[in-house]
Amino acid sequence: MSTGAYAAAYEQSIADPDAFWGQAATAIEWITPPTTVLDASNPPFYRWFPGATMNTCWNALDRHVRDGRGEQLALIYDSPVTGTTRSFTYAALLADVAKFAGVLAGLGVEKGDRVLIYLPMVPEAVIAMLACARLGAIHSVVFGGFAPAELAARIEDAKPSVIVSASCGIEPNRTIAYKPMLDAALERSEHTPESLIIVQRPQLTCAIGERDTDWEEMDWADLMRDAEPADCVEVMATDPLYILYTSGTTGRPKGIVRDNGGHAVALRWSMENIYDVQPGETWFTASDVGWVVGHSYIVYAPLLTGATTILYEGKPVGTPDAGAFWRIVSDYGAVAMFTAPTAYRAIKREDPEGRLLAGADISTLRNVFLAGERLDPDTYHWADDLLHCAIVDNWWQTETGWPIAANLRGLEPMPIRAGSPSMRVPGYDVQVLDEYGQLLPAGQEGAIAIKLPLPPGTLPTLWQDDERYVSGYLSVYDGYYLTGDGGLIDADGYVYVMGRTDDVLNVAGHRLSTGSIEAALAGHAAVAECAVIGVQDDFKGQIPRGLVVLKGGYDAATDGERIVRELVQRVRDEVGAVASLRQVDIVTGLPKTRSGKILRKTMREIADGKVPTIPGTIEDASVLDALADTLRATRH
């Protein structure tokens, strides 16, 4: 392990978190500065910077304009799917955000109210998020690919007073109408918002305000035309900034809460120390604002830093080709970029020789960061050989909001080891435990857990559900947050993450619960019972595979093909295309323990070609034997 700047920072962050994070907090502008850094009086509910007040939007925009960055570019919108670009200086972005905050205030939105944002990758999404932060309202962004059932669940839980959406999203080969999905979600939901604001896109417009509804529908452009700008509202550091829903193993989404103060401190620290991005430099994150990477590293971290951030509405391939990322870096002089390994695998598949890199000037690119799923060594070596810059894995979760393990390129660059996201990030006391909660020696694989307290910027709890926060994350090992991932830490301190230990799938960097997919399958009239497992996939990392048992009266031989087609379509309609379910097998039975628990882990291991873990409490081993050939069969 390093004995330099990294080691000193890590050791201080664990031994004296008050000193470490107190110093980091000086990079944020406070209204009432913190006098207490960590409140540990009510474990496991730790709070950072209690009593301090601030405003996240002020730190992301206003103070940069005041300090002379008004004419620097803050946001570059590049949309190859529409053939348009737009740029916003810090002053221009502040003006639009203040006006939309005025729109929301005019609709009665106040500090603590929720605003749900269901938008594609357009500047209005960033503006709406920051406008909420300006007012102290709590935003909840929902990925535009989610279908009505998933959207409705989030509406019911967050209970927004206003929903901001668009007429459509745009994919390379199709236009997706958002308004019908939003209408269907509202019909399912027991909660009714007071207002809907719709961003009309010329590629596909929608009717606004013509239906007899319980809510008022308005056009974004009309509202902005006459809006009065709103000032920043003072909020407590411990007040929520946003709710971001992630998949739970039960199928019911979990509302991850992010506070204002700890979030700002952690993200500001991470940009320079982990990602090596300085104020004034340009940073490219190819993700979506509906996911945590978009929240943290398209919107908040670069703007809190005073950097220029790129909002890209396109794909790694097909918009128009596999050279799209190189064009973005070349056109805007990005010093670093961040995306998921799946994106690089897609580029590698389309352009394995890297011919499309010719003509693009990527000499500004110092680092490429990949996260959201494991960075496989083949992809690492391909990118390393092609780009001649540091290819850096980093590991974190929606819950943490910023990296748990990384190669800290700004603090102290470390040797990169393929297959590892490198070292524990300061603030995260990462340990590997056995099933009894005992610390495992270096090199031995177990459950990855983080000793409490978690650092600033991580979830303090779940939205209005402290009990589920404790039971879901803190109950397995006393005093530890359970990541749900397994792995090891080697003798040099390098972390290796081997994969999920629970029933959450990681599909191309998107976390989805098996429970939500199973609920869609179970709703089909022909399905008696079902299970969904995540199986390894060379391209997406993991993909779901469905196993269903039919009810009496249905014949797999005569009805099976039709039923499978209907099941695949049902998941697409209920969960969304993001689920990527392609294969459903009709089976005669599912293996279970005597208590009735379906052996998903055992089936997953068989499907992945591993030696399966078969519990001694299995009800009927013959059921598993009968399934084995099906599970090992080549996937469609």
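Reply: The side chains of E313 and S79 are joined by a polar contact of 2.8 Å. E313 lies in the loop that runs between strand 17 (308-312) and helix 11 (324-332). With a relative accessible area of 5%, E313 is buried; the cut-off for that word is under 20%. Leaving aside neighbours within four places in sequence, the contacts of E313 include Y77, D78, S79, P80, V81 and T82. P120, M121 and V122 are also in contact with E313, as are I170 and R201. The model is a predicted one, and the distances here should be read as computed from it.

D490 is in the loop between strand 25 (480-489) and strand 26 (495-500). Its relative accessibility is 16%, so D490 counts as buried. The side chain of D490 makes a polar contact of 2.9 Å with that of R417. Not counting residues up to four places away in sequence, D490 touches R417, A442, G443 and Y496.

R417 has a relative accessible area of 28% and is partly exposed, whereas D490 is buried. Besides the contact with D490 at 2.9 Å, the side chain of R417 makes a polar contact of 2.8 Å with the side chain of D492. The charged end of R417 also sits over the ring of Y494, at 3.9 Å from the ring centre. With residues up to four places away in sequence left out, R417 touches D490, D492, Y494 and Y496. The C-alpha atoms of R417 and Y380 are separated by 9.6 Å, and the two residues are 37 apart along the chain. Another arginine placed over a ring is R154, whose charged end sits over F146, 4.5 Å from the ring centre.

Next, the aromatic rings. A search of the whole structure gives 34 aromatic pairs. One of them is formed by W269 and W402, which are edge-to-face, with 6.3 Å from centre to centre and 70° between the planes. This pair links distant parts of the chain, 133 residues apart: W269 is in helix 9 (residues 261-273), and W402 is in the loop between strand 20 (390-393) and strand 21 (405-406). Both W269 and W402 are buried. The ring centres of W283 and F369 are 6.3 Å apart, and their planes meet at 50°, so this pair is tilted. W283 belongs to strand 16 (residues 282-285) and F369 to strand 19 (residues 367-370), so the pair links parts of the chain 86 residues apart. W283 and F369 are buried as well. They belong to one aromatic cluster, together with Y275, Y297, F338 and W396.

Now the nonpolar packing. In soluble globular proteins, nonpolar side chains tend to be buried together. The largest nonpolar core in this model has 144 residues, and F100 and L130 have the most contacts inside it. Helix 5 (residues 123-135) supplies the largest share of this core, ten residues. With residues up to four places away in sequence not counted, F100 touches I127, A128 and A131, along with V164, I197, W220 and M224. Another core lies apart from the largest one; it has 29 residues, among them F284, A286, L357 and L387.

Last, the cysteines. A disulfide is a covalent bond between the sulfur atoms of two cysteines. The search of the whole structure finds zero disulfides. C132 is in no disulfide, and the nearest cysteine sulfur, that of C57, is 10 Å away. C132 has 0% relative accessibility and so counts as buried. C232 is in no disulfide either; for this residue too the nearest cysteine sulfur is that of C57, 4.8 Å away. The cut-off for a disulfide is 2.5 Å between the sulfur atoms. C232 is partly exposed, at 26% relative accessibility.

Definitions and conventions:
Residues numbered from 1 in each chain as written. Predicted model: local features only at pLDDT ≥ 70, side-chain atom pairs only at ≥ 80, totals over all residues. Heavy atoms only, no water. Phe/Tyr/Trp six-rings, centres within 6.5 Å; stacked < 30°, edge-to-face > 60°. Helix = DSSP H or I, 4+ residues; strand = E, 2+ residues; numbered from the N terminus. Buried < 20%, exposed > 50% of the residue type's maximum accessible area, 1.4 Å probe, protein only. Lys NZ or Arg CZ within 6 Å of the ring centre and 35° of its normal. Polar contact = N/O pair within 3.5 Å; in protein donor to acceptor, adjacent residues only side chain to side chain. Contact = heavy atoms within 4.5 Å. Core = buried A, V, L, I, M, F, W, Y, C linked by side-chain atoms within 4.5 Å.
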